[in-house]
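Let's take a friendly walk through this model. Have the sequence and the 3D view side by side as you read.

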Amino acid sequence: MTVYRHAPQNGGTGIHVENFDFWYGDFHALSGVSMDVAPNKITAFIGPSGCGKSTFLRCMNRMNDLIEGTHTSGLMAFDGNDIYADGVDPVDLRRRIGMIFQQPNPFPKSIYENVAFGPRLLGVNSKSELDGIVEESLKRSNLWKEVADQLDKNGLALSGGQQQRLCIARTLAVQPDVLLMDEPCSAIDPTSVQ
């Protein structure tokens, strides 16, 4: 597990967690978590399987909201603002706090469209700008050399490790302030991880 913090968009203060609890229905999965994740730092969560590392990461960008019956208490703040406050747009929050999962989850679209999807949602319409974002994101995820001449190929047709690097590129394309990674390299060969 890694939380990677880029330079904040608005000079923010990172992530602050205070007395945070999380439940799946009646199951109390996280209890009394308090910590700070400093800007521009790498923070790793280490612990045995099932201790709540992934659950905690998914709380940081409200992915757990998508699971029926979950609820929280306490404070989890990003750039000084409670991310669970009324009026917070979880979609915008997830753009600013991106996540890469352990299992690849490419869209059933071309390689190009997988990476261009997020920037298009953010209003990028220029073909040349999208081309640049796609190329740069694929380079940063160490996939460009393998797919540069087959960007129209369906992302689901790639190998498991290539799919994961495509998902990394897709996340990087929207330039999140924070990048949450839940064992993202487990399906990638060691030479690609470097």
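In helix 1, the buried residues are K53, T55, F56, L57, C59 and M60; buried means under 20% relative accessible area, with exposed over 50% and partly exposed in between (1.4 Å probe, protein chains only). Helix 1 covers residues 53-60, and six of its eight residues are buried, so it is largely enclosed by the rest of the structure. Just after helix 1, R62 adopts a positive phi of about 60°.

This is a predicted model, in which local features need pLDDT of at least 70, side-chain atom pairs count only at pLDDT 80 or more, and totals for chains, interfaces and linings use all residues. Residues are numbered from 1 along each chain as its sequence is written, and side-chain values use heavy atoms, leaving out hydrogens and water.

Helices (H or I, at least four residues) and strands (E, at least two) are DSSP runs, numbered from the N terminus. Two strands pair if DSSP finds at least two bridges between them.

Now for the sheet: four strands form an open, antiparallel sheet in the order 3-2-5-6. Strand 3 and strand 6 (81-82) are its edge strands, each pairing on one side only. Strand 2 and strand 3 pair in the antiparallel sense over seven bridges. Their hairpin has two residues between the strands, and G25 takes a positive phi near 60° there.

| Residue | Facing residue in strand 3 |
|---|---|
| W23 | H28, its bridge partner |
| Y24 | F27, standing opposite |
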